[in-house]
Amino acid sequence: MAVLVTTTINGDRVEFACEPNEPLLDVLRNRLGLSGAKEGCGTGDCGACSVQVDGRVVCSCLVLGVEAEGREIETVEGLAQGTELHPLQSKFLEHAALQCGVCTPGFLMAAKALLEKNPNPTEEEIRFGLAGNLCRCTGYDKIVRAVQDAAKVMRG
Amino acid sequence: MQYEAPETTKAAVGLLAKAKGSAYVLAGGSDLLVRMKGGFVEPDLVVDIKRIKPMREVKKTASGFTIGAAVSCAELNENKALIKAWPGVVEAAGLIGSKQVQSRCTVVGNLCNASPAADSVPALVAAGAKAVIQGPKGKRKVAVEDVPVGPGRNSLKKGELIEAIELPARKGKSGDAYLRFIPRTEMDIAVVSAGVSLTLGEKGVIKDARVALGAVAPTVRLVKEAAKAIIGTKLDEAALEKLGKAASAACSPIDDKRGTIEFRTKVAAVLAKRAAQIAYKRAGGK
Ligand SMILES: Cc1cc2nc3c(=O)[nH]c(=O)nc-3n(C[C@H](O)[C@H](O)[C@H](O)COP(=O)(O)OP(=O)(O)OC[C@H]3O[C@@H](n4cnc5c(N)ncnc54)[C@H](O)[C@@H]3O)c2cc1C
Ligand code: FES
Ligand code: FES
């Protein structure tokens, strides 16, 4: 039987009904039209589905939709302010840190969480912090550069 | 499937005890939801314990630390007092998965899932941690090494759950450490692992020690012979040699694509020695 859930997504109060065993990722994509988070594996290995729940980055494929009750969720759709891209988004474009782009929303959300905790990470800290995100196109170097550059902008 | 998120331990136990079909506790879900996805389990009831307040807390008491069963490993790694007292335990918990997994996973989930390669378990066993179990018949405490009974199987009875993990208070010069061998540098399953905790007496002589090994037997193993090898010593070459031999002797690993029996047996000795050296240094020994 479907369960009614009230939550906050990117600052907006949202209500939805979902099955008790339905992953949050499916709720976001299939019920709420938020298709930024991607399903790469469905088992916590690739990070393409990364979102924040109560300020912590998680794999939304390994969270149940019903767990979202009363929580604060942030998805990649909440990154840009109107037409102004988040520094991470701008720098990913500038450094060509994506090719097919399937991994990008997850990398952006994981990088955002990383920089919130550590505004000036070393390359090693970035690589370690993003180890839960897989990319089969870029070879990671460009992603690391983009995050370093974005961190610089964000530090001001 | 029915999903419940009770606010008290009592309510959680009640739900589990009267469940008709298969019932599972949900902590971080990083094992359970993967198994559900793969069709390996089909729960009739899932009891989410993350809304039970006392289970979300780490408490420092006169007798040590009480870690609530729903505290994530990321939270453990932000707890300065715990890191200071039990750096090996916190490090081991911090090795589980990625940042994303860390935000959710718990040491109790790691323990109950009962993988022989579970990272936090050898460190908890070495630390002498106890599991506080609540069930329909009340409360009981067991040593963590008695929770897993085989790969994927634990000793909890119907209706029971683990409410918290208790770590003893640190007295005098003490230190602990955990090391694992993996082919990558992160996001991988331990091929072999070792946890060591020790306390020094006069002049840097080891007074007390516990050594545990992971991924070399069906369950994480407490190796008393290995502890005996270093108690009463200053961790000199001869003591380390004996420790390594005892660690290897305690191994009954499997042969798989991740490591051969021979490799695991040998690396167990290497890791036990290195972990002991780190723990010794942390305890203030030279
Ligand atoms: C991508 C990925 C990487 C991983 N990497 C590692 C790794 O490096 N090292 C490692 O050791 N593990 C790893 N794991 C496995 C998993 O993350 C850990 O075992 C984790 O500690 C499980 O904790 P949890 O809170 O998520 O457990 P859950 O999935 O919530 O629960 C696990 C099991 O324990 C039971 N349970 C949970 N809490 C209780 C309780 N309080 N009382 C009774 N039963 C309970 C559940 O019913 C379930 O059967 C990884 C998993 C993923 C998805
Ligand atoms: S889809 Fe969630 S981690 Fe791959
Ligand atoms: S850009 Fe294609 S997977 Fe990363």
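1. In this predicted model, chain B and chain A bury about 2,200 Å² between them, and 59% of that area is on carbon and sulfur atoms. Of the area that chain B buries against chain A, 28% is supplied by B:Lys37, B:Arg51 and B:Gln100, which is more than any other three residues supply. As general background, the size of an interface is often expressed as the accessible area lost when the parts come together.

2. The contact draws on 25 residues from chain B and 28 residues from chain A. Between chain B and chain A the count of salt bridges is 5, and a reader who wishes to look at a particular pair may turn to B:Glu78 and A:Lys117, which form a salt bridge with their closest N and O atoms 3.8 Å apart. The count of residue pairs in polar contact between chain B and chain A, with both residues at pLDDT 80 or more, is 10.

3. Which helices of chain B each supply at least two residues of the side that touches chain A? They are α2 (32–37), α3 (73–76) and α6 (99–102), and the largest share of that side, 4 residues, comes from α2(B). Sorted by class, the side of chain B that touches chain A has 9 nonpolar, 6 polar and 10 charged residues.

4. Ligand 1 lies between chains A and B, and it is surrounded by 35 residues, of which the closest are B:Val25, B:Ser30, B:Asp31, B:Thr106 and B:Asp119. By class, the shell around ligand 1 has 19 nonpolar, 10 polar and 6 charged residues.

5. Several polar approaches to the ligand can be followed atom by atom. A polar side-chain atom of B:Asp31 lies 2.5 Å from an oxygen atom of ligand 1, while a polar side-chain atom of B:Asp119 lies 2.7 Å from a nitrogen atom of the ligand.

6. Where in chain B does the largest share of the shell around ligand 1 come from? It comes from α7(B), with 5 residues. The elements of chain B that each supply at least two residues of this shell are β2 (23–26), α2, α7 (107–113) and β10 (161–168).

Conventions: Residues numbered from 1 in each chain as written. Chains lettered and ligands numbered in written order. Predicted model: local features only at pLDDT ≥ 70, side-chain atom pairs only at ≥ 80, totals over all residues. Heavy atoms only, no water. Contact = heavy atoms within 4.5 Å. Buried area = accessible area lost by both parts, 1.4 Å probe. Salt bridge = Lys/Arg side-chain N within 4 Å of Asp/Glu carboxyl O. Polar contact = N/O pair within 3.5 Å; in protein donor to acceptor, adjacent residues only side chain to side chain. Nonpolar A, V, L, I, M, F, W, Y, C, P; charged D, E, K, R; others polar. Near = heavy atom within 4 Å.
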